[in-house]
Amino acid sequence: MATTPPNHHRILGIDFFDGSAKEAIDIMRTNGGLLVVPAAPALKDLDRSRDYRESLLNADLAITDSAFMVLIWNRLQSTQITRLSGLEYLRELLLQPDIRTPGNTFWIMASPISAKRNLDWLAGQGITIPEDHIYMAPMYGNAPIDDPALIECLDRLRPQHVIVTIGGGTQERLGLYLKRNLSYRPAIHCIGAAIAFLSGDQVHIPVWADKYYLGWLLRSFAEPKRYIPRYWDARKLFALMLRHRSRLPDLKT
């Protein structure tokens, strides 16, 4: 297995970046490639979902968004890690001049309704997105992703940054598909629902709640039928980490 890079910790075979949002953004700006923000409800399936697993293993930067993963790791290991949430990363990303420059960033949105809320909020922050730099993602399902229309659009426009705001488990697969099929190497930021916490498309998560690992609780209060089963199921991550720690779990067939 390859050596773990500096400022990274290997957890379940994935090299997680341990640093600030600004440091992560600088790496992505310089090198391009794929950034992923794995959450516990998806990480628990690392030994079952081949495509999701491949996406994380082939990402260029994985940040420690999962509070549950960080808490488990810091209880199991003497070497401690800090959490860098997708929301914190996005807040810092949206302050960057190159992100705010019209035409330099391409947004992949989950639906017209969420896109309108997100774009209205971005406009309120002084960020204008040209219409041809917004793409409504189709329902990709569980089959291998194949979206030649998206590839053609990105290869034609060649934005420096691609921001993916669709659901976890799918966005990572889409990000890897783009990384492997584009004719150039942009920075692909898979930030999922983070913008929805700012735009009102989902429950608002203030800075203090994110800092104290309470985002999951606010989401559960806002939509209990949707999120309580999801987060309850994420408890399986504990057994996976207890058994494997830094090692990549075998893939179950």
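Helix 8 and helix 9 cross in the right-handed sense, meaning that the near helix is turned clockwise from the far one by less than a right angle; helices (H or I, at least four residues) and strands (E, at least two) are DSSP runs, numbered from the N terminus. This is a predicted model, in which local features need pLDDT of at least 70 and side-chain atom pairs count only at pLDDT 80 or more, while totals for chains, interfaces and linings use all residues. Residues are numbered from 1 along each chain as its sequence is written, and side-chain values use heavy atoms, with hydrogens and water left out.

Helix 8 (residues 148–157) packs against helix 9 (residues 171–181) at about 55°, their axes being 11 Å apart; axes are lines fitted to C-alpha atoms, for helices over the stretch in contact, and angles run from 0 to 180 degrees between N-to-C directions. The contact (heavy atoms within 4.5 Å) involves P148, L150, I151, L154 and D155 of helix 8, together with L174, Y177, L178 and N181 of helix 9.

Helix 9 also lies across strand 3 (33–36), strand 5, strand 7 and strand 8 (187–190), and runs at about 170° to strand 8.

The open sheet has eight strands in the order 1-2-4-3-8-7-5-6, with mixed pairing, where two strands pair if DSSP finds at least two bridges between them. Strand 1 (8–11) and strand 6 (134–136) each have a single partner strand, so one side of each is left without a neighbour in the sheet. Strand 5 (residues 105–109) pairs with strand 7 (residues 161–164) in the parallel sense over four bridges, and I108 stands opposite V164 in strand 7.
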